[in-house]
Amino acid sequence: MTDNELIVGEPRLGWLIDGNPETPEAAVMLRDTGSIIELRIPLQGMLREDGPYARWWSSLTMHADDPEQTKYSYTPPRVMLFHDDCGVVALVGCRASGARQTLDAGYGVIVANYAVLGGRSPKYDKVNGMRSDIPAMAAWTGISSMAVKPNNDTEGLLEAVQVELKRLPSVSISRTLNLVIHPLWDASQRHADFSTRERIMIETKVKDARSWEEHLMVHGAVWDLVSIAAWRPFTVARLEVCRGDDLVRTSRGTTGRWSQVVTHRLPQYSDDDSRKISFLFSYDDIGAKGVKRWLRLREAYTDALDPFLGVLRSDEPWSDANVVQMGIVLEKLGYLIDCEKNGGANCNGRNQLSFNDALQVILDDMPVTPFIGDDESENEVHENELSVDDTSDAWKRNIRAAYMGLKHADRTMPDSLDLINALRKSILVVRFWIAHQLGVHENVLKEGRKYDPLSKKFIGID
């Protein structure tokens, strides 16, 4: 290993800097296990407690020489630095996890939430900037720094390929942490091989450093939006952060260092994310104004949207559990819409809203539904092609029967095909409602429902 990276299963031996000038550097081992980032620190054994770090694993023990636990450190710093011949790594969110000791020797384990490769500041518990890359952003935004022009000869055979790469300006989409879309690319040539790499990054950057959670909340909202548009749980291929006090010299002077982050606190990236994607709506359909609306919507309707995204990211997307979860989403969404927009006009005297009324409140808040049978003009054109369940009334009956059948033992359980079709239509209803709130034009959604995978009915096999 010559690069500053963490390869799963490969340990790095180096030295620990805990930020306390009174403690000597300790030889330690850093490793990405595939599920956690761990730092192993050698201990001198249970017969000796004079090591600089031994008490990190004995905070619940009464120490006669320090009964008030004021003389020594009993928890590791939240940020520590590791360095070896490959470079420096800032470990963020450190906590003591466990220890193994005999009378003479042993080791303690520190687990870190994030490893900032190349980070040199002990203040990485807060960052000024964060960049994230989900490959779907390029397809959703349509932004590209690359133009490829093939040149053919007189016989139509490829003669040359002209590739032009341009540095594009960032696209501002919200004042929240100065959120922008930031196109990046790099190129390299080795012997006869020439390669380019393009990323459409989401970036937040502020003068005063903020917590990781604040940055991730904004980034996560954008990831959620793109995932809802495609109804696919996209993951992060690359995460980078920077701090204003961690600078790097360039040919143009000093600038903030953008360092790659290794973490297991986010869903791990899969190459499946880069396969062909179909979106119900794109960035061009909502623009920066739509993203701002989404950030507000995500906060105002979090009680409904959190479980909705739970269905999206479920390991078993068509399970009975998700039918129940979707019923909860619809109940909460209808209630929130009625309270926010109707002043609770459809609630009873106890401020409650029936399930059927909640469904109708959602539909009434949508100028165009996913149901072709609700559109009179299309109904006339496609009357002979419409299935009997392609109306909002049929959907309301089906999802209520599915939801109540699964919740209550005394109700008749619909068959499995009816369950997943009710779930499919319900997901599409919420996605259409979200699209309307973000300003997607009716014609875009009418066209989108023709091609969206969730518009296709599941059918049984005889």
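**Charged side chains**

Modeller: To start, aspartate 84 is buried, with a relative accessible area of 15%, and please keep in mind that this is a predicted model.

Biologist: Which side chain does aspartate 84 meet in a salt bridge?

Modeller: Aspartate 84 pairs with arginine 12, at 2.8 Å from N to O. Arginine 12 belongs to strand 1 (residues 12-17) and aspartate 84 to strand 4 (residues 79-84), so the pair ties together parts that are 72 residues apart in sequence. Arginine 12 is buried as well, its relative accessible area being 2%.

Biologist: How many salt bridges does the count come to?

Modeller: The count comes to 17 salt bridges.

Biologist: Which residues are linked in a network?

Modeller: Salt bridges link Arg131, Glu203, Arg238 and Glu240 in a network. Within it, glutamate 240 and arginine 131 form a salt bridge whose closest N and O atoms are 4.0 Å apart. Because glutamate 240 lies in strand 15 (residues 238-242) and arginine 131 in strand 9 (residues 126-133), the pair ties together parts that are 109 residues apart in sequence.

Biologist: And what about aspartate 133, what does its side chain meet?

Modeller: The side chain of aspartate 133 meets that of arginine 199 in a salt bridge, at 3.4 Å from N to O, and both residues are buried.

Biologist: Changing topic, where do positive charges gather in a patch?

Modeller: They gather on the surface, in a patch made by Arg175, Lys289, Lys292, Arg293 and Arg296.

Biologist: Is lysine 289 buried or exposed?

Modeller: Lysine 289, which lies in helix 3 (residues 283-300), counts as exposed because its relative accessibility is 58%, and exposed means over 50%.

Key: Residues are numbered from 1 along each chain as its sequence is written. This is a predicted model: local features need pLDDT of at least 70, side-chain atom pairs count only at pLDDT 80 or more; totals for chains, interfaces and linings use all residues. Side-chain values use heavy atoms; hydrogens and water are left out. Patches are made of residues with over 30% relative accessible area and no salt bridge: like charges are joined within 9 Å, nonpolar side chains (Val, Leu, Ile, Met, Phe, Trp, Tyr) within 5 Å. Accessible areas come from the Shrake-Rupley method with a 1.4 Å probe; for residues, only the protein chains shown count as cover. Lys and Arg count as positive and Asp and Glu as negative; His and the chain ends are not counted. The place of a charge is taken as NZ of Lys, CZ of Arg, CG of Asp or CD of Glu. Helices (H or I, at least four residues) and strands (E, at least two) are DSSP runs, numbered from the N terminus. Buried means under 20% relative accessible area, exposed over 50%, partly exposed in between (1.4 Å probe, protein chains only).
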